[in-house]
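The following note sets out several points for a reader who is new to protein structures. Please keep the sequence and the model in view while reading.

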Amino acid sequence: MNNIQTKSRMMMGMPVSLFWGYIAIALFMIGDGLELNFLSKYIVTLGFAEKKVSLIFAAYGLTAAISSWLSGVLAETFGAKKIMMVGAITWIVFHAAFMLFGVITHNYYMMLLFYGLRGFAYPLFFYAFFYWVVKETPDSQLASAVGWIWSMFTIGFGILGNLLPIYSVRYFGEINTLWQSIGWATAGGAIAFFLLKAPVIEKKNHQIHSFEHKFKGIIQDLSLVFYNRDLAIALITRAICNFSLFGILAVVMPIFYTSEHGGHFTDEQWKIISLSIYPIQPFTNVLWGIIGDRIGWLKQMRWAGFIGCGTATILLYFIPVWFPGNIWASICGILFFALTITAFVPMGAIFPMLTPEHKGAAVSIQNLGGGLSNFGGPALVSLILFTGLGHFSVFIIFGFLYYCAAIMTYFIRLKQPGVDKPF
């Protein structure tokens with residue numbers, strides 16, 4: 001595998017040469033996140049049960065997990081920019097098919113098929129750039145650079161992806177809002193194509209080896225997780241860290257918070273509550289990256305991340321039950337959740353440091369964990385609901401998993417640059 005040693009000039013932890021890539025990520029993720037706070041509820045209004053809707057999101061998560069696993073090694077083998085372009089084009093094609101053959105015709109199986117296939121796309125775009133940043137950033141500033149990536153992700157997927165539908169759905173309806181996603185994804189792909197420049201050495205190296213040689217390298221690198229104990233444990237904790245984001249926030253809360261058994265909120269009130277999670281995240285992503293570089297990545301994730309997020313997840317159930325209809329109480333709860341879930345920012349720095357000689361494979365394994373979050377969150381919700389347990393059990397079980405992950409971090413052996421001893 002190629003090992004590009006050139007490191008970019010840094011600006012507040014961000015590689016200057018990749019500035020337009022960060023902008024492209026923000027725009028692309030607007031398109032990917034535009035549906036987040038209304039799609040599950042909208043599909044339910046089409047006449048489908050909540051447990052069937054959660055299966056659509058689980059299918060999306062499964063394909064995203066597979067794509068996430070492949071993205072880092074594919075970017076290392078064929079070039080990050082090429083993989084980003086494949087992701088952008090794939091996303092546009094399958095989203096159009098999801099709309100034309102699934103949503104507009106109210107065909108559940110077409111929605112399940114094409115929304116699932118669309119899950120292959122965004123990890124190729126996002127995580128290929130993630131790998132690119134890892135290769136361009138000095139190890140001692142890696143968490144800060146990763147923090148910037150997640151800040152751009154949050155600005156697009158979280159803030160604007162949630163803010164725009166509040167007005168768009170009201171004035172144009174759900175269908176037209178979903179069609180708008182293609183414009184945003186296209187804009188992000190165009191910026192990456194025209195304004196991002198791959199290093200010359202990378203272009204040359206990707207032309208040297210045959211496809212057979214590259215494919216063997218991919219298989220060898222992807223199997224690394226089965227031989228490295230620390231990577232395996234880190235993979236499990238990486239998957240758990242976003243369970244609540246993709247399972248509870250995207251699937252359960254839009255329904256629970258607007259039900260008579262939950263928060264008694266209107267759809268508009270729920271959108272305001274869900275939007276409030278994101279404005280602080282661009283700042284806390286960068287802040288937690290800087291703090292993690294100084295106090296220790298695992299220490300921060302253990303206490304502020306897993307213990308904090310597990311507690312926040314459980315509170316997301318009890319707050320609307322204790323204070324039904326109180327929008328400010330629920331906003332406080334979701335702000336606490338936002339503060340704790342962004343403490344996982346150093347996760348992207350840990351994997352490359354666990355196997356620095358195989359950074360592409362390490363990033364792919366980290367990405368697999370992110371994809372498993374996409375799949376595992378909704379899948380676990382489906383499993384709990386199919387067994388007849390209610391929303392209370394969903395929140396409690398998810399919170400318990402975070403506490404288990406906190407214990408698991410004690411078994412990851414890591415020597416962090418800038419920190420004197422393993423922790």
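**Notes on aromatic rings and the overall fold**

1. Lys 81 is placed over the face of Phe 193, 5.5 Å from the ring centre. A second case involves Lys 52, whose charged end sits over the ring of Tyr 108 at 4.4 Å from its centre. Please note that the model is a predicted one.

2. The structure contains 36 aromatic pairs. One of them joins Tyr 257 and Phe 265 in a stacked arrangement, with 6.0 Å from centre to centre and 25 degrees between the planes. Tyr 257 has a relative accessible area of 1%, so this residue is buried. Phe 265 has a relative accessibility of 3% and therefore also counts as buried.

3. Tyr 257 also pairs with Trp 270; this pair is tilted, at 5.5 Å centre to centre and 55 degrees between the planes. Because Tyr 257 lies in the loop between α11 (243-256) and α12 (267-275), while Trp 270 belongs to helix α12, the pair ties together parts that are 13 residues apart in sequence. Tyr 257 and Trp 270 are both buried.

4. Which residues do ring pairs link into a cluster? The cluster consists of Phe 256, Tyr 257, Phe 265, Trp 270, Tyr 317, Phe 318, Trp 322, Phe 392 and Phe 395.

5. As for the protein chain as a whole, its secondary structure comprises 18 helices and 2 strands. Of its 423 residues, 63% are buried. Among contacts with a separation of 6 or more, 85% are between residues 24 or more positions apart. The accessible surface of the chain is about 16200 Å², and 72% of this area belongs to carbon and sulfur atoms.

How values were computed: Residues are numbered from 1 along each chain as its sequence is written. This is a predicted model: local features need pLDDT of at least 70, side-chain atom pairs count only at pLDDT 80 or more; totals for chains, interfaces and linings use all residues. Side-chain values use heavy atoms; hydrogens and water are left out. Helices (H or I, at least four residues) and strands (E, at least two) are DSSP runs, numbered from the N terminus. Buried means under 20% relative accessible area, exposed over 50%, partly exposed in between (1.4 Å probe, protein chains only). Contact means heavy atoms within 4.5 Å. Accessible areas come from the Shrake-Rupley method with a 1.4 Å probe; for residues, only the protein chains shown count as cover. Rings of Phe, Tyr and Trp (its six-membered ring) pair if their centres lie within 6.5 Å; planes under 30 degrees apart count as stacked, over 60 as edge-to-face and the rest as tilted. A charge sits over a ring if NZ of Lys or CZ of Arg is within 6 Å of the ring centre and within 35 degrees of the ring normal.
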